[in-house]
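Hi everyone, thanks for coming.

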Amino acid sequence: MPTLLDLVRSVSFLAAMPAVAGLLITAGILVVARDWRLNVIALTVQYFFVVLLLTRQIQLEVAAVKGLVGWLICMVFYLTERRADALERPAEIAEPVPAQRWQRWMMSARASFHLLAVILVAVAAYTAALRIPLPETEVPRDITLACYLLAGLGILLIGISEAPMQMGMGLLTFLSGFDLFYVALEPSLAVAGLLGGVSFLIALAAAYLRTVQAAGSAEEGAA
Amino acid sequence: MISGALLLLVLPLAMAGIVYILLRWLSTLAAWLAVGTSLALGFAAMTLPLDQPVQAWGGRQIAMGEAVTFLGRELVFEQSDRMAMAFLFFTAAGLFLLAWRFAPRALFFPIGLGLLSLLSATLLIRPLIYAALFLEMAAALAVFALQAEGRAPTRGGLRYLTFTTLALPGVLVTHWLLERYAVTPDETELLSSASILLAVSFALLLGAVPFHTWVTAVAGDSLPLAGTFVLTVGNGAVWFLLLDFLETYPWLGSYPLFTPLLSGVGVAMIVIGALLAPAQRRLGTLIGYAALVDSGASLVALGLNSRLGVSLVLLSLSVRPFGLALLAAGLGGLRARVGGGDVMTEDLRGMGWQAPWSTVAVVFGALSIAGLPISAGFACRWALCRALAPSSLGTALFLLVAGVSVMIGVWRRFSVLLMRPRSPEDRSVIPLNPTEGRLTAAVVIVVVAASVGVGLFPQVVAPLADSLAGTYTFFLP
């Protein structure tokens, strides 16, 4: 049976620019998409790429624990959104919106605007990685770019949305970007544990507010 | 032997669990447990000796000064932490007491105790840098308390969490920059970077202009007393952390831009608060802008860069809870009578006759936060104006005008509160059926009396603030 080390080795070819590209795509999806299933999947894959990049900076076991915390957070988000979806569905059924099949493939003005913002932030992050590099002795160039991308797109997501889950995902994306940088400076287990605790509490707070929102919608629907 | 630091961390957490369980069936007992725990820990922090163990229950001993290791980091309760911890616990006790009458079944009680544990860790952990992580955890936990029952998700809680998260990297990276500077003292740009990062991080944490949006949001749409907890206990912990940073890294205080930056940001907060407070239609956001003026005044006081300035900051921190807590209690009482929604000016018509004690709380709270006479806030605001007058008369005048401006905003609501409700026949009627009980009246009277007492006899609090200021030596001689 392959060990964790074997599994990571088999995908280690991704732990450079491909992972950075993956982070850009997944964080971009979080900003542009509003479908919770897509967002939860994007966040799960984002944590996979973050773990891949982390394996170059810290011990594999610590990176794996950080990944596990991330995937647990995704599980919390998934269960919360499922419950919220179930609570909100009766209200939606009461007012059905007829949707044409072709409309699903059309990009809304909001999504187009958000995509443009993602591209602008990506260009800004690339420029920042070239002009304001993080200390190269600690953080390689591609990871610097990943840090700036995640931090920038996380802040963008926080800025454009007031929905609890989107804001939670934005905060976690921002923290992942910072974590990629900070583990190189302070690889201690205490900091890793506390940062994991912080991420988990943020996820719980966002999930709690989403539940409150869904319960409110359900009450309005019932009334 | 039980370490004092551990006691301050673990006891509130344990009580939070008990209070959470009791809250559903025995809300009064839960509230009094929260009040009692906070008061007991406040007295323990203030009075128990640090250098010798004290006999406690079951033959156990409590050694307040003994350090304890947590995840390889040291937690230690020192002499300089006494007043800070006492401030956190006593303020929390006062807020829990008010919440007993104005938010009896709120999650605020258990979450507030949990927050006390995390904020204690923030002040006791060494090195200081890890405090930022506990502060961030506290912000995330505060979201649960800030969410009012039956209302839309709190924007304020999310914004508070967001700004605290954005402040986290700056504080953590500063530690690394300073360690690097210790190895290579020639690289002075490391100090500049560290100063800028710390300044931005603390501006985010304190809600300084232009990062003040979370302050008004927290005050506007959250559970009022939980919002006040964040703006007094949470903000107080940040202030003590800032003072600890300035004490640990004294070069920060001697940075050329330190004084003008603090004063400039403080004045900006005062001006923005003064301009926007009277224009608010919602009482909650008005409280937020009043808190902004008060924080601005504290920054201006710190900008004096002297022992007097630090004394005034600490005095301001110790009297702020009177104003904000009374306003929050009053807002909570009024909200309960308009169905738990936002309290707009037009909703308040004649409410003063139905909720007289909430109205009294609003008026006396406003007097204190505006720094006007016969209130706790006056003692601090007047002393600051006198300290500023010789060197910066303009700032002193701004401060006085800001206080009046906040009071004008509250006065407009007060006049609406006392309007006579109109009957369907458009005839004035005064229903003499106040719905607030005697216990509510007693609690409001106690807090108002304490506020007026501190306002009339500031010599009770001022020497404590001054002696605590004496433990900080970073300011210019």
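Let me start with a term: a residue is buried if 20 or more other C-beta atoms lie within 10 Å of its own, exposed if 12 or fewer, and partly exposed in between, with C-beta atoms placed from the backbone. By that count, buried residues make up 41% of the 223 residues in chain A.

Some housekeeping. This is a predicted model, so to speak of local features we need pLDDT of at least 70, and side-chain atom pairs count only at pLDDT 80 or more, while totals for chains, interfaces and linings use all residues. Residues are numbered from 1 along each chain as its sequence is written, and chains are lettered from A and ligands numbered from 1 in the order in which they are written.

Let's stay with chain A. Its secondary structure comes to eight helices and zero strands; here helices (H or I, at least four residues) and strands (E, at least two) are DSSP runs, numbered from the N terminus. The C-alpha atoms of chain A fill a box of roughly 60 × 35 × 35 Å along the principal axes. The radius of gyration is taken over C-alpha atoms, and the globule rule is 2.2 Å times the number of residues to the power 0.38. For 223 residues a compact globule would come out near 17 Å, and chain A, at 19 Å, agrees with that.

Which helices of chain A pack at an angle of about 5°? They are H3 (residues 36–54) and H7 (residues 164–185) of chain A, with their axes 11 Å apart. Axes are lines fitted to C-alpha atoms, for helices over the stretch in contact, and angles run from 0 to 180 degrees between N-to-C directions. Under 35 degrees counts as roughly parallel, over 145 as roughly antiparallel, 65 to 115 as roughly perpendicular and the rest as oblique. H3(A) and H7(A) are therefore roughly parallel. Residues are in contact if their C-beta atoms, placed from the backbone, lie within 7 Å. In this pair, Trp36(A) and Leu43(A) are among the H3(A) residues that meet H7(A), whose contact residues include Met165(A) and Leu180(A). The contact divides into nine nonpolar, four polar and no charged residues. For those classes, Ala, Val, Leu, Ile, Met, Phe, Trp, Tyr, Cys and Pro count as nonpolar, Asp, Glu, Lys and Arg as charged, and the others, Gly among them, as polar.

Now chain B, which has 18 helices and six strands. Its radius of gyration is 22 Å, close to the 23 Å that the globule rule gives for 477 residues, so chain B is as compact as a globular protein of that length. Buried residues make up 57% of chain B.

Helices H5 (residues 131–146) and H6 (residues 155–183) of chain B pack at about 175°, with axes 9 Å apart. That makes H5(B) roughly antiparallel to H6(B). Their contact has 13 nonpolar, four polar and one charged residue.

There is also an open sheet of three strands in chain B, ordered E1-E3-E2 with mixed pairing; strands pair if DSSP finds at least two bridges between them. Two bridges join E2(B) to E3(B), and these run antiparallel.

Finally, where do the chains meet? The contact takes 22 residues from chain B and 25 from chain A. On the chain B side, the largest share, eight residues, comes from H6(B). That side has 14 nonpolar, five polar and three charged residues.

Key:
Two residues are in contact if their C-beta atoms, placed from the backbone, lie within 7 Å.
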